[in-house]
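Hello,

Here is the structure I promised to pass on. Please open it first, then read my notes below.

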Amino acid sequence: MTGTAVTGTAVGVRLRRRLRWAPAALAVVVILLAAGAGLRGLVNRPPAEGSVDAGFARDMSTHHAQAVQMAMVEFRGGADVTQRGVAQDIALTQQREIGVMSAWLTGWGLPQVSSDPPMRWMRDHGHGHADHSDQSGHADHDGSASVTSSVAGSAASPVAMPGMATDAELTRLSAAQGRDLDTLFLTLMIRHHRGGITMAQEAAARAQEPQVRALARAMVINQAIEIDQMQADLRALSAPPA
């Protein structure tokens with residue numbers, strides 16, 4: 001056999017060996033690509049039903065909606081121009097945040113309301129508020145109202161949402177006038193903000209999505225500042241602190 005023939009045979013053997021391993025190598029590449037896609041799917045998977053993110057978005061929207069309701073009462077009928085301005089700022093800010101949280105739920109493919117009880121995302125980790133009220137919306141032990149299924153879109157029994165005004169308090173607020181309205185609005189809103197901070201702190205610590213944690217942290221900071229200002233406003237009105 002000539003040298004050329006030997007060389008050609010050796011090349012052919014090496015080529016066949018390489019081709020024999022090609023399917024295995026291709027399979028490894030496919031598996032690695034699939035695994036990578038799977039990992040990306042896990043990392044980028046949106047919050048699920050029952051998550052902290054979804055529960056916070058829904059319950060804080062409900063919480064914000066009452067703040068907007070109270071703020072509009074003060075904005076329309078308050079005696080003090082400063083407090084009417086505070087009320088307007090609260091209404092605009094919290095209505096905007098409701099829109100943001102609603103858009104999150106839509107983007108995650110989740111409904112705006114849930115069949116789960118309100119505040120379950122906190123109670124599941126020992127941070128919920130025990131319910132001590134009945135279906136009429138009476139106050140809980142900390143003065144918070146109970147949110148019923150009609151408010152939260154749930155078929156469950158009422159669950160206390162921290163800081164919420166009771167139906168009776170909302171009626172008093174609507175009937176108040178002048179300086180009495182200013183004082184009652186500040187008192188109820190301070191308590192409402194404290195409850196909101198409790199909820200936001202939990203979301204800031206445990207939510208999955210960075211934008212949820214960021215908004216929750218912003219709520220904690222902004223509402224704490226507003227509480228300090230409203231306490232100062234109560235002192236200026238010669239009213240007791242909330």
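Of the 242 residues in the protein, 42% are buried. Keep in mind that this is a predicted model. The accessible surface comes to about 12,700 Å². Carbon and sulfur atoms account for 60% of that surface.

Next, the fold. The protein has 8 helices and 2 strands. Along the sequence, they follow the pattern α-α-α-α-β-α-β-α-α-α. I also looked at contacts between residues at least 6 apart in sequence: 72% of these join residues at least 24 apart.

Helix H3 covers residues 81–107, and helix H7 covers residues 178–206. Their axes come within 11 Å and cross at roughly 35°. The crossing is left-handed. On the H3 side, the contact is made by Gln83, Ala87, Ile90 and Gln94. H7 brings Asp182, Phe185, Leu186, Met189 and His193. By type, the residues of this contact are 5 nonpolar, 3 polar and 1 charged.

Now the charged pairs. Side chains of opposite charge can pair when their charged atoms come close. How many salt bridges does a search of the whole structure find? It finds 5. Here are some of them.

- Glutamate 49 and arginine 58: the closest N and O atoms are 2.6 Å apart. Glutamate 49 is partly exposed, at 40% relative accessibility. Arginine 58 has a relative accessible area of 10%, under the 20% cut-off, so arginine 58 counts as buried.
- Arginine 206 and glutamate 202: the side chains meet at 2.7 Å, N to O. Both residues sit in helix H7, 4 residues apart, so about one helical turn separates them. Arginine 206 is partly exposed, with a relative accessible area of 25%. Glutamate 202 is buried, at 9%.
- Arginine 120 and aspartate 116: the closest N and O atoms are 3.4 Å apart. Arginine 120 has a relative accessible area of 38% and is partly exposed. Aspartate 116 is partly exposed too, at 25%.

To find your way around, start with the H3 and H7 crossing. Then go to the end of H7 as numbered here, where residue 206 carries the salt bridge with glutamate 202.

Best wishes

How values were computed:
Residues are numbered from 1 along each chain as its sequence is written. This is a predicted model: local features need pLDDT of at least 70, side-chain atom pairs count only at pLDDT 80 or more; totals for chains, interfaces and linings use all residues. Side-chain values use heavy atoms; hydrogens and water are left out. Axes are lines fitted to C-alpha atoms, for helices over the stretch in contact, and angles run from 0 to 180 degrees between N-to-C directions. A crossing is left-handed if the near helix is turned anticlockwise from the far one by less than a right angle, and right-handed if clockwise. Contact means heavy atoms within 4.5 Å. Ala, Val, Leu, Ile, Met, Phe, Trp, Tyr, Cys and Pro count as nonpolar, Asp, Glu, Lys and Arg as charged, and the others, Gly among them, as polar. Buried means under 20% relative accessible area, exposed over 50%, partly exposed in between (1.4 Å probe, protein chains only). Accessible areas come from the Shrake-Rupley method with a 1.4 Å probe; for residues, only the protein chains shown count as cover. A salt bridge is a side-chain nitrogen of Lys or Arg within 4 Å of a carboxyl oxygen of Asp or Glu.
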